[in-house]
Amino acid sequence: MKKVFIDSNDIDPSIIEGISNFVKEGKIIAIPTETVYGLLACAEDQEVIERLYTIKERLKEKPFTYVEDDIDTVINDYFILLSPFGYRLIEKFWPGPLTVVYYSKENPDKTIGVRIPSHPVAREIIRALNKKAVLPSANISGQIELNTPEEIEKVFDDKIDLIVESNSNLISKIPSTVIDLTYKPFKILREGAIQEREIIDVFVKKRVLFVCTGNTCRSPMALFLFNKYLLEKKPYYKDRFEVLSCGILPLEGAPISFTVKNILEEEEGIDASDFKSTFINRMLLLSSDFIFVMEDSHIEAILKIEPTVEGRLFNLKKFLPHSLEKDIPDPIGKGYEFYKEVYFLIKKAILELIEWL
């Protein structure tokens, strides 16, 4: 049986390309992941898939897990729309030892499992392959997973075409955790390297996102006020919310407005000196349970990026008294008193929002 060693700290692109071409030719290879060894094969080659079922002695009713190297590809091409919780799981644990099962975008009546491994050698091979691929664990179905080239060679002998060896200290010897998101809220089909407690922590912590134009004035002000008054008004919610902010057109990494920084410090005793602005992105929107904006124009901009978030998108003015219900104005270029007026509006809305939660 052929073997090749790849140092994960010094990956040779020419070797990676040769291995990926080998798989494209219809070969089945064993590759290391951060958990256990897997058997990699092209998903669109039905003859190879049939051979893989035979090698693993696996029932045809049990589909193989797809494997990818890029999160955006999975979001766009593999699954129908996930819940915000599903996107937060992906954000936290991918690349890594989590297999997500959900409805297929290609056939919404069926479910598929997908994983993005974090082992650098595995990811480089999958990236170079640039085709849909499957990566079930390297074992006979129902038997213990295999963790070393020697074990694989003993069990599979000449039934597979190549074993890729790499730095063994990157293998945990615990298989990936498999979570099925078609169940509400979820069902763990196999607890592996990621424990159930870690998944529950992601589920219970809802994400609140504040959005403005430049993410240096209004949205960071809302973020800091929300965090302060949530702790004061509802301390039992302390670990139930993750609060973020971003801008439609920010200068990435810009500090908070000097005036806003001073107002927060003088009026609230809040130190906002470490804040840095963030640009809005689709993943932030998809993973947020509540999205609050300052102007109706922000709603329009967000719906152009991701129209599916409409049901959890709110203008902060809706939490103001009827007599004050208007867009929160942008204070950029205005005087100190105008900034103070904006601060009072946002604070009033935030206090009402916290009562609403």
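Student: Which residues lie nearest the centre of the largest pocket?
Tutor: In this predicted model, R58, T65, S137, V178 and R190 lie nearest the centre, out of 33 residues that line the largest pocket.

Student: And which elements give two or more residues to that lining?
Tutor: Those are strand 4 (66–67), strand 5 (98–103), strand 6 (111–115) and strand 10 (187–190). The largest share comes from strand 6, with 4 residues.

Student: How much space lies in there, and how do the residues divide by class?
Tutor: The largest pocket holds about 660 Å³ of space. Its lining has 14 nonpolar, 13 polar and 6 charged residues.

Student: OK, what about the second largest pocket, how much space lies there?
Tutor: About 560 Å³. It is lined by 19 residues, and P63, F64, Y66, E106 and I112 are the closest to its centre. Helix 2 (46–56) and strand 6 each give two or more residues to this lining.

Student: Switching topic: in what order do the strands of the open sheet of 4 run?
Tutor: The order is 12-11-13-14, with parallel pairing.

Student: Why is one side of strand 12 and of strand 14 left without a neighbour?
Tutor: Strand 12 (241–247) and strand 14 (313–315) are at the edges and have a single partner strand each, so one side of each has no neighbour in the sheet. From one strand to the next, the twist averages 25°.

Student: How many bridges pair strand 13 with strand 14?
Tutor: There are 3, between strand 13 (residues 290–293) and strand 14. In one of these pairings, V293 has N315 of strand 14 as its bridge partner.

Student: Which strands does helix 11 lie across?
Tutor: Helix 11 (residues 296–305) lies across strand 11, strand 13 and strand 14, at about 160° to strand 14.

Note on methods. Residues numbered from 1 in each chain as written. Predicted model: local features only at pLDDT ≥ 70, side-chain atom pairs only at ≥ 80, totals over all residues. Heavy atoms only, no water. 1 Å grid on protein atoms, 1.4 Å probe; cavity = no way out; pocket = protein on both sides within 12 Å on 5 of 7 lines; lining within 4 Å. Points joined across faces, edges and corners; volume = space filled by probe spheres on them. Nonpolar A, V, L, I, M, F, W, Y, C, P; charged D, E, K, R; others polar. Pairing = 2+ DSSP bridges. Axes fitted to C-alpha atoms, helices over the stretch in contact; angles between N-to-C directions. Contact = heavy atoms within 4.5 Å.
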